[in-house]
Amino acid sequence: MAVSTPAPASVQSVVKSSSRKRRESRLAFWFLLPTVLGIGLFTLVPMIGSILLAFCSWDIISTPKFVGVHNFVTMATSRTIRVSFLNTFGFVIVAVILQIIVALALAVLVQSKMPGWLRGFFRSSFFFPLILSAASVSLIMSFLFNEDFGTVNKLLALVGIAPVKWLSAAAGAMVVTVLVYVWQNFGFTFLLFIGGLSSIPKDVYEAADIDGASGWSRFARITLPLVSPTMLVASVMAIISALQIFDQPYVLTRGGPGDSTRTAVMVIYQSAFTELHFGLAAAIGLVLMLIIMLATWLQFRLSKRLVFYM
């Protein structure tokens, strides 16, 4: 009669390790399941539905009807849609450049030699507008820039300047829209640059001081290259956000005067919820999504030449 011998210790340890890994895998599965279901139900399913809807005609009342590329042809032939995309591109170029410059300049100033309490005050003050509602901020700004009784024109009158048509002229309306957007959103970019500047080793600046480098030389040859990874992140996020601008022009000007401040997202809103052309709205949204993906891809491609990593 054969006598069974106990398994070697190494075999037992392998069995225990394999059993533990299976338990950990099951536990991880149950922890991840709610997140995966949430992403699937509230992100992937609506995204696939929007893509399919872009090739259909639907007024939310009748049954969706497949129309092929008709919605995209409508986009190409509609002057309002073309102008809205051009307005969006122009806004993105001006607003993002201004936002990056203002945020970086203020971050450099705040990181300079000043008391700690004052540095904390500026950080909180610059970030504060970001936590406010974009609609409420835009509503307040519409009163400040009102042509007849706005505070801005009253201040200009004190120095002998005639009232400016801030919101009733095309150029003025776009200027106000850019200023309001940048004022409310530069705080996040500012904090990103604060973090990037804080990560630069101090001995690099000390070596530059020993070599007699001027302030501009230090900024151009040390600060700017070493903060370039942060600038990449800031520019990517700023462009994605600016391409989706809606609140500020909608509250300030309703897209006017004419179509001078009408943006792509405003046309999506109007097509879907005013004209009930949900298929056309989905097509515009799909094109805007592809533009955002293309802009992000181009930025990361260019970063290989322009971004310096320590």
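## Helices H2 and H3

Helix H2 (residues 70–77) packs on helix H3 (residues 79–111) with the axes 5 Å apart and an angle of about 70 degrees. Axes here are lines fitted to C-alpha atoms, for helices over the stretch in contact, and angles run from 0 to 180 degrees between N-to-C directions. H2 is therefore roughly perpendicular to H3 (65 to 115 degrees; under 35 is roughly parallel, over 145 roughly antiparallel, the rest oblique). Helices are DSSP runs of H or I with at least four residues, numbered from the N terminus.

H2 contributes Thr74, Met75, Ala76 and Thr77 to the contact, and H3 contributes Arg79, Ile81, Arg82 and Phe85. Contact means heavy atoms within 4.5 Å. By class, four of these residues are nonpolar, two polar and two charged. Ala, Val, Leu, Ile, Met, Phe, Trp, Tyr, Cys and Pro count as nonpolar, Asp, Glu, Lys and Arg as charged, and the others, Gly among them, as polar.

## Basis of the model

The model is predicted: local features need pLDDT of at least 70, side-chain atom pairs count only at pLDDT 80 or more, and totals for chains, interfaces and linings use all residues. Residues are numbered from 1 along each chain as its sequence is written, and side-chain values use heavy atoms, with hydrogens and water left out.

## Salt bridges

The count is two salt bridges (a side-chain nitrogen of Lys or Arg within 4 Å of a carboxyl oxygen of Asp or Glu). One joins Arg79 and Asp259, at 3.5 Å from N to O. This pair links distant parts of the chain, 180 residues apart. Arg79 sits in helix H3; Asp259 lies in the loop between helix H11 (247–252) and helix H12 (264–274).

The other joins Asp259 and Arg262, at 2.8 Å from N to O. Both Asp259 and Arg262 are buried. Shared partners join Arg79, Asp259 and Arg262 into one network.

Arg79 counts as exposed because its relative accessibility is 53%. Asp259, at 19%, counts as buried. Buried means under 20% relative accessible area, exposed over 50%, partly exposed in between (1.4 Å probe, protein chains only).

## Helices H5 and H7

Helix H5 (residues 134–144) and helix H7 (residues 170–198) pack at about 135 degrees, with axes 11 Å apart. The two are therefore oblique to each other. Their crossing is right-handed (near helix turned clockwise from the far one by less than a right angle; anticlockwise is left-handed).

Ala134, Val137, Ser138 and Met141 of H5 meet Val180, Trp183 and Gln184 of H7. This contact has five nonpolar, two polar and no charged residues.
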